[in-house]
Amino acid sequence: MTAAADLVLTNAEVHTLGSPDETHEAVAVRDGEVVRVGRTFDVELLAGVETRVVDCGGRVVLPGFIDAHTHLPMVGRSIVHADLSEAGSAAEAVELLRERAAEVERETEGGDGGTGDGIGDGGTDWVLGYGYDESRWDESRYLTRDDLDAVSESRPVVAFREDLHTAGVNSVVLDRYADELPDEGVRTAGDDGDGDDAGDPTGVVVEGAVDVLREATEPGREEMTELVRAAQSYATARGVTGVHDMVRGSRAPEVYRDLADAGELALRVRINYWSDHLDALREVGLRTNHGGGSRGDLVTVGAIKTFTDGSFGGRTAKLTEPYADAAADPDAADDETGQWVVAPEELRDLVADADESGYQLTAHAIGDAAVDAVLDAYEETDDPGAARHRVEHVELASDEAIERFADSGVVASVQPNFLKWADEGGLYDARLGERRLRTNRYRDLLDAGVDLAFGSDCMPLGPLLGVDLATDHPNPDQSLTVTEALRAYTSGAAYAGFDEGRLGTVAVGTAADLVVLDESPWETDSIRDVPVSMTVVDGRVVFERD
Ligand SMILES: [Zn+2]
């Protein structure tokens, strides 16, 4: 007699999302694995007295979503600190930060409030806001020291832009960090780009200066645990069962493993470590794909992550042709095509080094020049397809670049929610002009046979929003079907993490990572608004809507 299942979902529309996408009525799960799919009548035979049987009443069941590009602590921060993503104007952002300042005031009452003068003090007395996006405001401008001095004149205040390449700071931060902030990252009034006749800092800081502030506000272990717990609840409520998380100089890896050991990690985490950590990983013997793979083992070592360029928003993504609005940027005088964050030669050395040691690589590249530079570096390795090297974002890619992806087997890890900036009159229109229609060429990538993985970059985290945007692309020629978009968020992302076959589909023997949706994404008017009713990770119900 067969052992009873732990969980049985019946009367459902279970999609495998395979090719072709097959549907079944029911699925049974035991010990974290799918043990039977088929007709309700047959699957129900596995129900014993201890089995939880859920009648899905015709609802859609999919393989759980895998977000191939996350920063989970960032999601936690937006929940715990000021969430500026909803601010409709600079004034609203300031108001949200004022509310947060009042909270910090209460929280630090009686304590010393922290001195805030050392890197990594956990930022206990800081007033922090995350995710502002001025491109959606009527008055499209960065937050400045004047805005943020109005939040507090005694505590350090930082408002991070959504892309984390730009931030606004108040006078307290400019004073305290005068020595640490690199000059080229601190914008000044009347700056003509040559950097030597600069006036007072405007409070706008970019790139390297933002990194200094991110390090200074890096949470300690206890705060990180709070952030991860908040983030995993947010993610599983949106049907996410696994993430490929990008980690740099943070307590997050330790917290993921601690939570996993305690049985409290609610989703799979594949950790992509920043290239700063390469030597340390090599030294302690951690390689790509270590961990994971066996039952209950939710944390895996992923790729080595690096940058090449910045973002369109900051006019720092590296283009082959100048920005359409280069003249509007005082700092663009020297280089109207953006800038390298990691120069191509440096990238090539890193890629060769990490590839030789057997690591998967993943490199941020948004502009077409950056995408070419990463492909150049990957193509010099033995077998970039077998190593499953990936490019993050791939927002502007030439026909030739797309062919090179297909030929080399390099994975395109893309974020369909970035399409919210690609509409006529939007941010990409301003920065790129007509080129906005050639961003995020999902149809061309798929048709060329490129492995396509979807992720959110947590802007914001939410697979169904991404699926919605990918099926309604600003350039209709690049739209995907609902099935194709769902695959990119399941089997496509699984492939990018060497998890194909095990994750990203529903079949006997696959891990029991499932999501139950209240409405069919194939039949709804608004995919982004389809409610998630249940999320199952490794056979465990980690989210259930009441
Ligand atoms: Zn990212």
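# Questions about a predicted structure

Q: Which residues does Glu395 touch, not counting residues up to four places away in sequence?
A: In this predicted model, neighbours up to four places away in sequence are set aside for Glu395. A contact here means heavy atoms within 4.5 Å. By that test, the residues that Glu395 touches are Phe312, Ala365, Ile366, Phe418, Tyr428, Arg438, Thr439 and Asn440.

Q: Which side chain of opposite charge is nearest to Glu395, and how far away is it?
A: Glu395 sits in the loop between strand 19 (390-393) and helix 12 (399-408). Glu395 is buried and yet has no salt bridge. A salt bridge needs a side-chain nitrogen of Lys or Arg within 4 Å of a carboxyl oxygen. For Glu395, the nearest side chain of opposite charge and its distance are Arg161 and 9.8 Å.

Q: What salt-bridge distance separates the closest N and O atoms of Asp133 and Arg161?
A: Asp133 and Arg161 form a salt bridge. This pair links distant parts of the chain, 28 residues apart: Asp133 is in the loop between strand 10 (127-132) and helix 4 (145-149), and Arg161 is in strand 11 (residues 157-161). Asp133 counts as buried because its relative accessibility is 2%, and Arg161 is buried as well, at 4%. The closest N and O atoms of Asp133 and Arg161 are apart by 3.6 Å.

Q: Where is Asp513, the salt-bridge partner of Arg268, in the chain?
A: The side chains of Asp513 and Arg268 meet in a salt bridge, with an N to O distance of 2.6 Å. The pair links distant parts of the chain, 245 residues apart, with Arg268 in strand 16 and Asp513 in the loop between helix 17 (491-496) and strand 22 (514-517).

Q: Which residues do salt bridges that share partners join into one network?
A: Asp513 is buried, with a relative accessible area of 6%, and Arg268 is buried, with 6%. Elsewhere, salt bridges that share partners make one network, and its members are Asp133, Glu134, Arg136, Arg161 and Asp163.

Q: Is Glu134 buried or exposed?
A: Glu134 has its place in the loop between strand 10 and helix 4. Leaving aside residues up to four places away in sequence, Glu134 touches Ser140, Arg141, Tyr142 and Arg161. Its relative accessibility is 3%, and the cut-off is under 20%, so Glu134 counts as buried.

Q: How many Å separate the C-alpha atoms of Glu134 and Ser89?
A: Glu134 and Ser89 are 45 residues apart along the chain.

Q: Which residues does Val94 touch, not counting residues up to four places away in sequence?
A: Val94 belongs to helix 3 (residues 90-107) and is buried, with a relative accessible area of 9%. Once residues up to four places away in sequence are left out, Val94 touches Asp147 and Val151.

Q: Which residues are the protein donors of the zinc ion?
A: Along the chain, the donors follow the spacing H-x1-H-x385-D. His69 is buried at 1% relative accessible area, and His71 counts as buried at 14%. Lying 2.1 Å from the zinc ion, the protein donors are His69 (NE2), His71 (NE2) and Asp457 (OD).

Q: Which lining residues are the closest to the centre of the largest cavity?
A: Strand 15 (240-247) and strand 16 (268-274) each supply at least two residues of the lining of the largest cavity. The volume of this cavity is about 90 Å³. Of its 15 lining residues, the closest to the centre are Val243, Arg268, Arg270, Asp499 and Leu503.

Q: Where is Arg388 found?
A: Arg388 counts as buried because its relative accessibility is 11%. Not counting residues up to four places away in sequence, Arg388 touches Gln360, Leu361, Val411, Tyr495, Phe498 and Glu500. Arg388 is found in the loop between helix 11 (368-379) and strand 19.

How values were computed. Residues numbered from 1 in each chain as written. Predicted model: local features only at pLDDT ≥ 70, side-chain atom pairs only at ≥ 80, totals over all residues. Heavy atoms only, no water. Donors = N, O, S within 2.8 Å, 3.2 Å for Na, K, Ca; no water. Buried < 20%, exposed > 50% of the residue type's maximum accessible area, 1.4 Å probe, protein only. Helix = DSSP H or I, 4+ residues; strand = E, 2+ residues; numbered from the N terminus. Lys, Arg positive; Asp, Glu negative; His and termini not counted. 1 Å grid on protein atoms, 1.4 Å probe; cavity = no way out; pocket = protein on both sides within 12 Å on 5 of 7 lines; lining within 4 Å. Points joined across faces, edges and corners; volume = space filled by probe spheres on them.
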